[in-house]
Amino acid sequence: AARAGTEAAQLARLGLTGPPTIFEGHRGVFGLFGGAEGADIPEAAWQHWQVLDTIFRFYPAVGTVHAPLDAIRHLRETTPIDPRQIARIRIGLVDFAVGHGAAITRPTDAISAQFSLAFGAGLQFVTGRNAPADYFDPNRWNDPVILAIGDLIEPYAMPIPAGDPVFSARVDIELRDGAHLEHYQAGFRGHPTRPATSAEIERKFTDNVAGVLGDETGAAIVKTVATLHEGKSVRSLTALLRRP
């Protein structure tokens, strides 16, 4: 959003114009965010602040893989799982998610890694996490142990129960000794139906900047953001964001 706003300002300065029906037009803000064009927007829509529906993603990946990664995380936390003992992993998803997130099994760059359920699941089983840095690491993309876990995944389309978010998933894990583990994840952490807590958001930030900014700088940024409304400038924040 910040990049788009900056580009728009630069293009406007250069004289580029846009359609006058930016709000009510066919591809306008009303159609994009309100689900209707112009005067067709329901009155109730004006009473709801869409920003309250912001999604906080706790995995550096496409949204369709978050619920299954949450389900795997839940199973790992409740039952110790030796990845070497996994025989099969079946993952039920909404129909379009099977091709939009579950089709790539061999990532070749950061984006294909982010769109790969197989890679994300393998990464979590092998490393115990889904760290942003690992999605940019070619060594991780080609790690035979991570890829072997991904090869055990069988994605399939399943009907999502009425009332549950479309981004829900069921994970069934079969172990070589015959044991069977399963978990249904209705929505994912950070989705408006399972809102992120302030502590989770702060932890996400500190995890993301680990190794990039020092601990003291990271803590200073958190404190500055929390008190930003008390000042008249963002300079105190942008100064902290500069790389040494």
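Is Asn208 buried, exposed or partly exposed? Asn208 counts as partly exposed, at 38% relative accessibility. Here buried means under 20% relative accessible area, exposed means over 50%, and partly exposed lies in between (1.4 Å probe, protein chains only). This is a predicted model, in which local features need pLDDT of at least 70 and side-chain atom pairs count only at pLDDT 80 or more, while totals for chains, interfaces and linings use all residues. Residues are numbered from 1 along each chain as its sequence is written, and side-chain values use heavy atoms, with hydrogens and water left out.

**Overall build**

- The protein chain has eleven helices and four strands. Both are DSSP runs numbered from the N terminus: helices are H or I with at least four residues, strands are E with at least two.
- The C-alpha trace spans about 65 × 50 × 30 Å along its principal axes.
- The protein chain has 244 residues, and 32% of them are buried.

**Helix α6**

- Helix α6 covers residues 117-127 and is mostly covered, with nine of its eleven residues buried.
- Among those buried residues are Leu117, Phe119, Leu123 and Phe125. Gly120, Gly122 and Gln124 are also on the buried list.

**Largest pocket**

- A pocket is an open set of points on a 1 Å grid over the protein atoms alone, with protein on both sides within 12 Å along at least five of seven lines. Lining residues have an atom within 4 Å of a point.
- The largest pocket has a volume of about 580 Å³. A volume is the space filled by probe spheres (1.4 Å probe) set on the points, and points are joined across faces, edges and corners.
- The lining of the largest pocket has 22 residues. Phe58, Arg129, Asn130, Ala131 and Asp207 lie nearest the centre.
- Helices α3 (66-78) and α9 (198-209) each supply at least two lining residues. The largest share, five residues, comes from α9.
- By class, this lining holds eight nonpolar, four polar and ten charged residues. Ala, Val, Leu, Ile, Met, Phe, Trp, Tyr, Cys and Pro count as nonpolar; Asp, Glu, Lys and Arg count as charged; the others, Gly among them, count as polar.

**Second largest pocket**

- The second largest pocket has a volume of about 240 Å³.
- Its lining is made by Ser198, Ile201, Glu202, Phe205, Ile221, Val222, Val225 and Ala226. Helices α9 and α10 (215-226) are the elements that give two or more residues to this lining.
- By class, the lining of the second largest pocket has six nonpolar residues, one polar and one charged.

**Around Asn208**

- Asn208 is found in helix α9.
- Asn208 and Gly218 are ten residues apart along the chain, and their C-alpha atoms are separated by 9.9 Å.

**Nonpolar surface patch**

- Ile22, Phe23, Val29, Leu32 and Phe33 make a nonpolar surface patch of about 520 Å². Patch residues have over 30% relative accessible area and no salt bridge, and nonpolar side chains (Val, Leu, Ile, Met, Phe, Trp, Tyr) are joined within 5 Å. Accessible areas come from the Shrake-Rupley method with a 1.4 Å probe.
- Leu32 is found in helix α2, residues 29-34. Leu32 is exposed, with a relative accessible area of 63%.

**Salt bridges**

- Side chains of opposite charge can pair when their charged atoms come close.
- A salt bridge here is a side-chain nitrogen of Lys or Arg within 4 Å of a carboxyl oxygen of Asp or Glu. By this rule the count comes to ten.
- Glu154 and Arg88 meet in a salt bridge, at 3.0 Å from N to O. Glu154 lies in strand β2 (residues 153-157) and Arg88 in strand β1 (residues 86-93), so this pair ties together parts 66 residues apart in sequence.
- Glu154 is partly exposed at 33% relative accessibility, and Arg88 is partly exposed at 29%.
- Glu154 also forms a salt bridge with Arg90, with the closest N and O atoms 3.9 Å apart. This pair again links strand β2 to strand β1, across 64 residues. Arg90 is partly exposed, with a relative accessible area of 28%.
- Glu182 forms a salt bridge with Arg170, the closest N and O atoms being 4.0 Å apart. Glu182 is in strand β4 (residues 180-185) and Arg170 in strand β3 (residues 169-175), so the pair ties together parts twelve residues apart in sequence.
- Glu182 is partly exposed at 48% relative accessible area, and Arg170 is partly exposed at 28%.

Terms used:
Patches are made of residues with over 30% relative accessible area and no salt bridge: like charges are joined within 9 Å, nonpolar side chains (Val, Leu, Ile, Met, Phe, Trp, Tyr) within 5 Å.
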